[in-house]
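Dear colleague,

I am handing over a structure for you to look at, and my notes on it come just after. Please keep the model open while you read them.

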Amino acid sequence: MCVRRGRGRPGGPRTRHRGPVANGVFELAPAADGSPYQEYVLTEKGRALFPVITALRQWGDQWFFAEGEPRTRLVDRASGEPVALVEVRAADGRLLGPEDAKVLLP
């Protein structure tokens with residue numbers, strides 16, 4: 001994923017992305033098209049967020065759109081088919097719900 005960075009306005013991309021860059025989610029790289037711009041490129045840490053972002057997107061699709069309301073779709077580039085729902089599973093493959101898991105303190 002790339003986001004182009006050019007001359008920003010206050011509160012624009014230069015300001016908005018400072019936190020994610022400082023925290024290693026994005027890095028700045030020269031624009032792929034050779035223009036004088038820079039692009040925000042996902043780091044390994046940023047790419048690791050893909051399942052989290054996908055789960056949040058699917059949750060929003062389920063709870064914040066009316067039946068039949070137009071929306072974007074996340075599809076597999078290779079097949080064009082919709083991406084399967086993100087699920088939380090136990091080590092043995094069982095599907096887990098909130099009541100099936102607990103947080104342990106160190």
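Below is what was found in this structure.

This is a predicted model, in which local features need pLDDT of at least 70 and side-chain atom pairs count only at pLDDT 80 or more, while totals for chains, interfaces and linings use all residues. Residues are numbered from 1 along each chain as its sequence is written, and side-chain values use heavy atoms, with hydrogens and water left out.

A search of the whole structure finds two aromatic pairs (rings of Phe, Tyr and Trp, the last by its six-membered ring, with centres within 6.5 Å; planes under 30 degrees apart count as stacked, over 60 as edge-to-face and the rest as tilted). Phe 26 and Tyr 40 make an edge-to-face pair, 6.1 Å centre to centre with 70° between the planes. Because Phe 26 lies in strand β2 (residues 26-30) and Tyr 40 in strand β3 (residues 38-42), this pair ties together parts that are 14 residues apart in sequence; strands (E, at least two residues) and helices (H or I, at least four) are DSSP runs, numbered from the N terminus. Both Phe 26 and Tyr 40 are buried, where buried means under 20% relative accessible area, exposed over 50% and partly exposed in between (1.4 Å probe, protein chains only).

Trp 59 and Phe 64 are also edge-to-face, at 5.2 Å centre to centre and 70° between the planes. Trp 59, which is found in helix α4 (residues 50-63), is partly exposed at 46% relative accessibility, whereas Phe 64 counts as exposed at 58%.

Best wishes
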